[in-house]
Each structure stands twice: as C-alpha cells, then as structure tokens.
Amino acid sequence: MDLQDAHGWLLEVLNGVSVQFHKVPGSSILLRYIKSSYQNDPIRSAVELFLFLFAVRYLLSPKYSTSKDRHVKLTEEEVDEIVDEWVPEPLVAPQTAFEEAENERRPVIVGPTGPKSKLSTGRLVTNVASYNFYNLVGNETLKEKAIQTLRTYGVGPCGPPGFYGTQDVHMKIEADIASHLGTSSCIVYAQAFSTISSVIPAFSKRGDIIVADKAVNFAIRKGMQISRSSIRWYEHNNMEDLQKVLASEVKEQAKKPLTRRFIVTEGLFENVGDMVDLAKVVELKHRYKFRLILDETWSFGVLGRTGAGATEHQGVHVREIDMLVGSLAGPICAGGGFCAGSNEIVEHQRLSASSYTFSAALPAMLATTASEVLAMLETNTEMLNQVRENVKTMWAQLDPRSEWVHCTSAAENPIMILVLKPEVVASRKLNVSDQEQLLQEMVEEALANSVMMTRLKSTPRGINVTGKEVGWELQPALKVCITSGLTRKEIERTGTVIRHAITKVMKARR
C-alpha cells in the first residue's frame, strides 16, 4: 500500500468515526464547546484534557485497602511488660519540705468567712486574709436575695450561655455592668480566672503581637500562651520602656504583613499591688496604633467614686479601652467575670471565647448578687470611703513604722503587699527560699496573737519567657486584706500585731 492509498484509508476511517460520533445524543453540543474553548483559550483546553486523562487514569488504577494493618504485633507478654514499665508523670510537682510543714499548720475556718472568723481549733481570729473588703459576706440583704433566686432558678443553668444557659438574670447583670462602666455592651463569664485567659486568644492569634507588662498575673500569661501570639515584654509599670518596645515593634513590622497588635496590662497589679498609669498607656496606644486589653480584676469595685475601676479613678474615658476585663468574684463577692467594650467586641466573644462557648453559664444567684452589689456601690459610696479610711489606718501602722518591710501597693489598694526592704535582703543575703521561710514565720506569729494574714502565693512566671527576657522576678511578700467590717481601733490593733510579729521574727533570725 503506497502513501496515497494509506491517506485515503485514513480519511475513510475518520469519516466513519465522525458519522458514528454525530449519532450520539449531545455530540454536536460537545463538539461546539471544544471548538469554541480551543479558539478562545487553548490553555484551558489543555488543562481540561489533562484533568480528563487524570480522571481516566485514577478510575482505571487498581484498588488498595486502607484498612491494612501495618503495625507491629506484640504478644500478650510484651504488652504486659510495657504496661508494667510505664510510669505516668505526676500532675503536680511533689511537695517540698517547706510546703508540707506549711500545710500541716494551715488554719481552717469553720463557718462564714467574716472579719472575725472561727478556726477549727475553736479560736476566734481577726481575718485579714480574705477579699471581704466591704463585709458583704455577712450582708443579710444579699443572703435573702440569693436564697430567693436559688428557689426560683435552682442552683445552676446546667448549660452553656449560647445553648440554653442564658437566663434573664444574666442579661440583667450584663446590662448593669455596661451601665456602671459606661460601655456599649458587656459579656459575663462563669469563671473569673478563665475570663482574661479566654478574651486574649479570642482576638489575638498566631502571628499577632502582644506587648505585656512583666508583672502581669498568671491568668493573663495563660491567655497569651493559648493565643500562640508573639510576646514582647516591657519593664514593670515603666512607660518609657513601653514606648521603646512599641516603637521597636512598629519599626520591625513596617515591612511585614499587617498584624493585630495589643497592649496587655492590669489596673491594680495582682503580684505587686501598684497601679498602672492608664492615661499614658492610652496615649501610647493611640500613637503607635495598638489595641488595649485592660485587666481590672482587682481594681473594679475598688477604685473610683463608684468603684468603676481605674478608668473612673484616673479620669480616662472607658471607650478608650478596647477590652475591659474584670472579676465579679473578688471585691464584688459574687462569682464569674466579664469583658466590657463595644458591641462588636462583645458579640465576637459569644462565638469565639472558649470559656463562654463551652462552659456552663454563671449560677443565677451569683448573677443576682453581683447586680445587687453594683447597685449598692452606686447608691452608697460610703462603703468605699470606709474601706479607704481603714487602708490609711493600716498604712500608718505598717509602712512608715516598720524598719523591715515596706508596702508596694498603691495607697488606694485594700490589698497591701508587704515585701522585705532591699537593704534587709542585701545585708542578710536572703534568697527567695529564705524570704519565704521568714514570711511564713511572721504569718504564724501573727496567728498566735489572733490575727490571720497570709503570704502572696502566685504561680511562677515561667511561661513563654526565659529569665533573660523577663529580668523581673516575683518577690515573696505578705498579703494583708483590709475590710470595712473592722473598726478603726481594731485596724490599729491588727496593724500593731502584724508589725510586732515582723519585728520579733526578724530579730530572732539575726
């Protein structure tokens, strides 16, 4: 067969195939699509052809089993041997000798926790170790309201707020807090600790920037750890260092993709007791375009004319704070926590904050108690004034009159943090363990004279940071909590007992 005959035969075959193809229903439409597709975009036709061939190849490829066991099979004896050798890691570190001795001598309160508390030994002591600032534990009106709410709503909602846990009392306390602070909206959480540790990761994610004070509390540190954001630290309450860190971050991020950036600090610092310079922080926030998360766990209900916190006390408009977090479990003597801010800030948390989404709602009686306390603070400012007078009285007995300790707390803070003076620590070459031992002896000496106080017990700061990065360590301290349930003379006597206990221990350990 010559070339001409072969050509004729090929044309005949192609004509036959074309005739048979056109007999197939829809063949003309497919042919027209291919012609127009190739004419307009030949690359598209090539991609479609590749995908078609890949699909044919995939369908014709041999099947394989995904359930094939590829694990090494062990005998029963080998399994038993591995199980016997396995030793689980402890959930907590073993107690030290100091902790064991402290637990053995720990006082136990029997009955309600008031300004005068009864111990399991039968002794009656003056209690300056609990956060009963306004003596609300013994308030009969609050008790009646709580009992009435308990009988109406039961013990707890038994469900998350987004499902069926929200009740009218929860909506009321959210409205009450927003009105008390002057914000647009508010969201209430069931646990105080998990509030700030859920708010931070709800907004800050991996790759975002958080600039935080080195002395922030453990709940904040957990929130930053969960967020997996990049953490930058500034010296405790040092606004000049904060400005340097912010300026450095802005310069470093100038050529990188835009990220969310936050400043995180406290109103009254839990570990030190001093107060933030909120006006300066807000100024720096606007200058460098950061958002501000303010934890007012210990300042809400304490600072300001009506207890609205650091914003009211320092004259900073609350809307300058992007996320204002507070507790209802400390000075308010109820339970849970809250985050106040704009409507967008609050509504975002209802779906994105883990402890709000996955935890049962706040018990109704605690929500009612918090609403009642807020009403009391707004209408009876004498409550706050009485505590502040007692704080001044205690300060006069301790800080200027003791040659061994000084108070690091703000003058308005009812929680007095008493640390050994630097010259005392240096002259006696006291390490952290030595200081803790001395402070515990002071606690026990005061208890022997019917005054119950405690030490500052905070978890270590070792999260996301190294000692080189932080350069700040929590100093062991005594913690004295002032209450309005004691008279001026009782406060003076309590301060005298504490001062004499400190002096006796320090002179005995020369």
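**Stop 1: helix α10 and what it packs against**

Select helix α10, residues 218-227. Its buried residues pack against α9 (193-203), β5 (209-213), β6 (230-234), β7 (261-266) and β8 (291-296). Contact means heavy atoms within 4.5 Å. Helices (H or I, at least four residues) and strands (E, at least two) are DSSP runs, numbered from the N terminus.

The model is predicted: local features need pLDDT of at least 70, side-chain atom pairs count only at pLDDT 80 or more, and totals for chains, interfaces and linings use all residues. Residues are numbered from 1 along each chain as its sequence is written, and side-chain values use heavy atoms, with hydrogens and water left out.

Now show side chains on α10. Which residues of this helix are buried? They are A219, I220, R221, G223, M224 and S227. Buried means under 20% relative accessible area, exposed over 50%, and partly exposed in between (1.4 Å probe, protein chains only).

Go to the N-terminal end of α10. N217 caps it. A side-chain oxygen of N217 lies 3.1 Å from the backbone nitrogen of A219. Then jump past the other end, where R228 follows α10. The phi of R228 is positive, near 60 degrees.

**Stop 2: S227**

Stay in α10 and pick S227. Is S227 buried or exposed? It is buried, because its relative accessible area is 3%. The side chains of S227 and S229 are joined by a polar contact of 3.1 Å. A polar contact is a pair of N or O atoms within 3.5 Å; within protein, one must be able to donate a hydrogen and the other to accept it, and residues adjacent in sequence count only if both atoms are side-chain atoms.

Now display I200, P201, S204, K205, R206 and I210. These are in contact with S227, once its neighbours within four places in sequence are left aside.

**Stop 3: the cavities**

How many cavities of 30 Å³ or more does the structure hold? There are two. On a 1 Å grid over the protein atoms alone, a cavity is a set of points where a 1.4 Å probe fits but cannot get out; lining residues have an atom within 4 Å of a point. Grid points are joined across faces, edges and corners, and a volume is the space filled by probe spheres set on the points.

Start with the largest cavity, which holds about 80 Å³ of space. To find it, select Y131, L268, F269, E270, G273, W298, N413, I415, I417, L456 and K479, which line it. Colour that lining by class: seven residues are nonpolar, two polar and two charged. Ala, Val, Leu, Ile, Met, Phe, Trp, Tyr, Cys and Pro count as nonpolar, Asp, Glu, Lys and Arg as charged, and the others, Gly among them, as polar.

Move to the second largest cavity, with about 40 Å³ of space. Its lining is Y134, V302, L384, V387, R388, E412 and P414. Five of these residues are nonpolar, none polar and two charged.

**Stop 4: salt bridges along helices**

A search of the whole structure finds 18 salt bridges. A salt bridge is a side-chain nitrogen of Lys or Arg within 4 Å of a carboxyl oxygen of Asp or Glu. Visit three of the pairs.

- Select E347 and R350 in α14 (residues 343-352), three residues apart, about one turn of the helix. Their side chains meet at 3.3 Å, N to O. E347 is partly exposed, at 45% relative accessible area.
- Select K392 and E389 in α17 (residues 382-398). Being three residues apart, they are separated by about one helical turn. Their N to O distance is 3.9 Å. K392 is exposed at 54%, and E389 is partly exposed at 43%.
- Select R488 and E492, where the N to O distance is 3.5 Å. They lie four residues apart in α21, so about one helical turn separates them. R488 counts as exposed at 52%, while E492 counts as partly exposed at 27%.

Then select E102, R455 and K457. Salt bridges that share partners join these residues into one network.

**Stop 5: R509**

R509 counts as partly exposed because its relative accessibility is 38%. R509 and L438 are 71 residues apart in sequence, yet 8.4 Å apart in space, C-alpha to C-alpha.

What is R509 in contact with, leaving aside its neighbours within four places in sequence? Select R428, Q437, L438 and E441.

Key: 1 Å grid on protein atoms, 1.4 Å probe; cavity = no way out; pocket = protein on both sides within 12 Å on 5 of 7 lines; lining within 4 Å.
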